[in-house]
Amino acid sequence: MKTNSLLVVSLFVCFFFLGSVFSNDYITFNKLALPPSVTGPESAAFDRAGEGPYVTVADGRILKWKGSAIGFVDFAYTSRNRTKKLCDGTNDLELGPTCGRPMALSFNYKTSALYITDAFFGLLVVGFNGGLATQLSGGYKYLSGIDVESYTGNVYMTDASLTYNIRNMAEPGFTPDSTGRLLKYDPRTQRVTVLMSGLAGGGGPVVSSDRKYVVVPEYGKMEIQRYWLQGPKKGTNEVFMTDIGSPKSIKRAANDAEFWVAVENSKQAQGLRVNGSAIVLQIVPLAQFMDTTAVQEMNDALYVGSRHADFVGVYTN
């Protein structure tokens, strides 16, 4: 009788776990349309008041969603040489050195400053009123992902490569090399430190909620690395997850110690909710996307970005 009871409990736990992973959550889909001719919402972020999303787009702007009655409006830009006549609506990367190409966003919720990585202008920051962002660190081939740890103010960034840039990625037969890096920018000293090197393409990183480690996607190797900031493993890295497809970025989930991973595979894009033990808790098919660059959770919805889309996808229950 005792054995049978244990079997029933085990089966219940098993089915409960499988139901969690393959749940039907986030099945309702809507689009937040970008302005005409604008594409490439690579990253999304929300400010500390929950307003947004703020998104990066291919023509060099950061846009802010102001509700369905207004839509997206200009919030910030990364190049002082940018003109609306030349740049608005372009997706020509040859204009990047003039127009800019912001890639990823992260707020410091203590100061409301918005930090930006730009494929041509490196690391920048803009205040809560927006406008022209200030360059903090430049000289990179392809600075891609970013996460600000608001408690310390430290900025964690991924430099996708020391040899190729964003324009090279559109060339036939392109494959990432293994020269990517995880970097830390300290706003107090204004210094950049290399934490990890040898990454096969560095997607958007994120710091754990307890600030013990940073997780970093390597889309070229189809795995995720974990770099320890504290504890006996401080200063070392290890494989966090593998065999999940090609991970492009990681964002903190609403629940502490959980993350949303934007993944591409041969079939379709997916959002994976995982915990600090690298266990997949939920798989959300993103059927409206062939590729995805970010999955951001806010107010019981998932906001999904893509390099080629002309909208931000919103998945709700």
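Student: How do the residues of the lining of the largest cavity divide by class?

Tutor: This is a predicted model. In it, the lining of the largest cavity divides into four nonpolar, three polar and two charged residues.

Student: Which residues line the largest cavity?

Tutor: Ala-58, Thr-90, Asp-92, Leu-93, Leu-95, Gly-96, Cys-99, Gly-100 and Arg-101 line the largest cavity. Asp and Arg count as charged, and Asp-92 and Arg-101 are in this lining. Gly counts as polar, and Gly-96 and Gly-100 are in the lining too.

Student: What makes this space a cavity, and what is its volume?

Tutor: In a cavity a 1.4 Å probe fits but cannot get out. The largest cavity holds about 30 Å³ of space. The structure has one cavity of 30 Å³ or more.

Student: Cys-99 is in that lining. How do you know that Cys-99 is buried?

Tutor: Buried means under 20% relative accessible area. Cys-99 has 1%, so Cys-99 is buried.

Student: Why does Cys-87 count as buried?

Tutor: The cut-off is again under 20%. Cys-87 is at 0% relative accessibility, so Cys-87 counts as buried.

Student: Why are Cys-87 and Cys-99 called a disulfide?

Tutor: The sulfur atoms must lie within 2.5 Å. Those of Cys-87 and Cys-99 are 2.0 Å apart, and the two form a disulfide. The pair links distant parts of the chain, 12 residues apart. Cys-87 is in helix α2 (residues 84-87), and Cys-99 is in helix α3 (residues 96-99). By this rule the count comes to one disulfide.

Student: Why is the disulfide of Cys-87 and Cys-99 left-handed?

Tutor: The torsion about its S-S bond is about -80°, so the disulfide is left-handed.

Student: What is the volume of the largest pocket, and which residues are closest to its centre?

Tutor: About 490 Å³ of space lies in the largest pocket. Its lining has 30 residues, and Glu-42, Tyr-219, Lys-248, Thr-293 and Arg-307 are the closest to its centre. Strands β6 (102-108), β11 (143-148) and β19 (246-252) each give two or more residues. The largest share, five residues, comes from β19. By class, the lining has 11 nonpolar, 13 polar and six charged residues.

Student: What makes up the lining of the second largest pocket?

Tutor: The second largest pocket has a volume of about 320 Å³. Of its 20 lining residues, Tyr-109, Asp-147, Lys-251, Arg-252 and Gln-296 are the closest to its centre. Elements β2 (44-45), β6, β11, β19 and β23 (294-298) give two or more residues each. The lining has 13 nonpolar, three polar and four charged residues.

Definitions and conventions:
Residues numbered from 1 in each chain as written. Predicted model: local features only at pLDDT ≥ 70, side-chain atom pairs only at ≥ 80, totals over all residues. Heavy atoms only, no water. Helix = DSSP H or I, 4+ residues; strand = E, 2+ residues; numbered from the N terminus. Buried < 20%, exposed > 50% of the residue type's maximum accessible area, 1.4 Å probe, protein only. 1 Å grid on protein atoms, 1.4 Å probe; cavity = no way out; pocket = protein on both sides within 12 Å on 5 of 7 lines; lining within 4 Å. Points joined across faces, edges and corners; volume = space filled by probe spheres on them.
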